Amino acid sequence: MPRGDGRLTHDLDPHDPGPQDACGVFGVWAPGEEVAKLTYFGLYALQHRGQEAAGIAVSDGSSVVVYKDLGLVSQVFDEPTLGSLRGHIAVGHARYSTTGASTWENAQPTFRTTGAGTGLALCHNGNLVNTAELASAAADEGVAGAFVATNDSDLVTSLIAAKPDMSVEAAAMEVLPRLRGAFSFTFMDEDTLYAARDPQGVRPLVLGRLERGWVVASETAALDICGASFVREVEPGELIAIDEDGLRSQHFAVADPKGCVFEYVYLARPDTTISGRGVHAARVEIGRRLAKEHPVEADLVIPVPESGTPAAVGYAEASGIPYGLGLVKNSYVGRTFIQPSQTIRQLGIRLKLNPLRDVIRGKRLVVVDDSIVRGNTQRALIRMLREAGALEVHVRIASPPVKWPCFYGIDFASRAELVANGLDVDGVRASINADSLGYVSEQGLIAATEQPANRLCTACFTGEYPISLGQPEVLGKHLLEGIGRRALTEEATAVTGWTGQQAGSPMLPGGADDALSRP
């Protein structure tokens, strides 16, 4: 899948996707600036976090307009479209679906008109774990149209909008404490930009300053691209509001930080900083610790590009084994609408990676990668390296064994599909046909982040979930896919007259578009 820099995510084998990225959110309040273009470039910097859909909402102080569609940021928006999105406030979203199908209705921002007649557009990174409970409450409260889209974010938008006697800010302060799970929100009405983060701060969210305004974004790299200076992280349990009177902050819950450790391993861009720690530096340190924990006699250290590169640099540095490039990645192979023939399909991973035979032949290799999910990619990769003449292939992984699924915004395989869930380390080694296999320890990974262990979520490695999950039957990506959707859509149609909307067209404020929602 294409990243925002034109490179690919770690989805080397379409039948063995790696940990799929969460989502990217962005928001800007900047009178006098081209906020739609700032948001576009902010989302471009966050493209690695989601490649299924993109959208931007803007306000000129009198109305909120939303434009969204399926596809990459650069596919959804062009110069004329951005030029038509005028205002001084904007929020934007790059989506990977962790709740709800990959459909236009589920693209973000979500939109509602509140009971007071205010437009509300919301973007969400993360995943709630009490969605079924909230959906039931929404039905009991008579919140119409809550299931026109089938994701938790649309549900939150509906709940905030369904407070006719409250401002958006007051309604948010009432709704946010009811949410359980991971959420980093940027949302807006006609006059105010809002940002909120769950009490555990699972997913990142940062605040930046422009010369004439403010920016909130999932990662500091998005601040850099639009020329904003980093101010601080949005605190866990905090709601920020920014308008013509300035910035104000209040807390809707007591902070209990549990940041996602996998942001350091894979999700975040290497040029991002999280909790004061540069992600690239953390990944290099993980590699150093891997070398100390799992030394081996070898001739060359090579990364699986791009996600294994920093750790491979660290491994080579600490081990004294030379670092080299043994695999070339085609940076332009992403999604294709042309189905490969059976002959080409059998080439599999070679569509995206190809070995440098002259570098590999006759060498004992250390191959460094960020994680192993199902193991199919590593199995194909090792076979390819051996065919290219590698004498030995020693695999080193820059994270502990992934044994548990994530319910907080990363789309891992199911537990039954996770190869490390059913096999010990030697079993995984045999499964992928490596000469040796070593994972960095949980302690080594945490030390590399320079964060206290009690401030990190490591549930995908340990099964210890810091936010109560509830019953298994009320969890899952497609939970809302059928719950009351038809009945509520019919109700929304009867109330608003809305029967559908062409993909890629703007959502006009008020009226029929109240029936629309987003993730």
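In the predicted model, four strands form an open sheet in the order β17-β20-β21-β22, and their pairing is parallel. The edge positions are taken by β17 (300-303) and β22 (436-439); each has a single partner strand, so one side of each is left without a neighbour in the sheet. From one strand to the next, the twist averages 20°.

Within this sheet, strand β21 (residues 392-397) runs parallel to β22 and is joined to β22 by four bridges. Isoleucine 397 has tyrosine 439 of β22 as its bridge partner. Helix α13 (residues 376-387) packs on the sheet, where α13 touches β17, β20 (364-369) and β21. The direction of α13 makes about 150° with that of β21.

A separate contact is formed between two helices. Two packed helices are described by the angle between their axes and the distance between the axes. For helix α9 (residues 279-293) and helix α10 (residues 309-319), the axes come within 6 Å and cross at roughly 45°. The two helices, α9 and α10, are therefore oblique to each other, and α9 passes α10 in a right-handed crossing.

On the α9 side, the contact involves His280, Arg283, Val284, Gly287, Arg288, Leu290 and Ala291. These residues meet Pro310, Ala311, Gly314, Tyr315, Glu317, Ala318 and Ser319 in α10. By residue class, the contact of α9 with α10 comprises seven nonpolar, four polar and three charged residues.

How values were computed
Residues are numbered from 1 along each chain as its sequence is written. This is a predicted model: local features need pLDDT of at least 70, side-chain atom pairs count only at pLDDT 80 or more; totals for chains, interfaces and linings use all residues. Side-chain values use heavy atoms; hydrogens and water are left out. Axes are lines fitted to C-alpha atoms, for helices over the stretch in contact, and angles run from 0 to 180 degrees between N-to-C directions. Angles under 35 degrees count as roughly parallel, over 145 as roughly antiparallel, 65 to 115 as roughly perpendicular and the rest as oblique. A crossing is left-handed if the near helix is turned anticlockwise from the far one by less than a right angle, and right-handed if clockwise. Contact means heavy atoms within 4.5 Å. Ala, Val, Leu, Ile, Met, Phe, Trp, Tyr, Cys and Pro count as nonpolar, Asp, Glu, Lys and Arg as charged, and the others, Gly among them, as polar. Two strands pair if DSSP finds at least two bridges between them.
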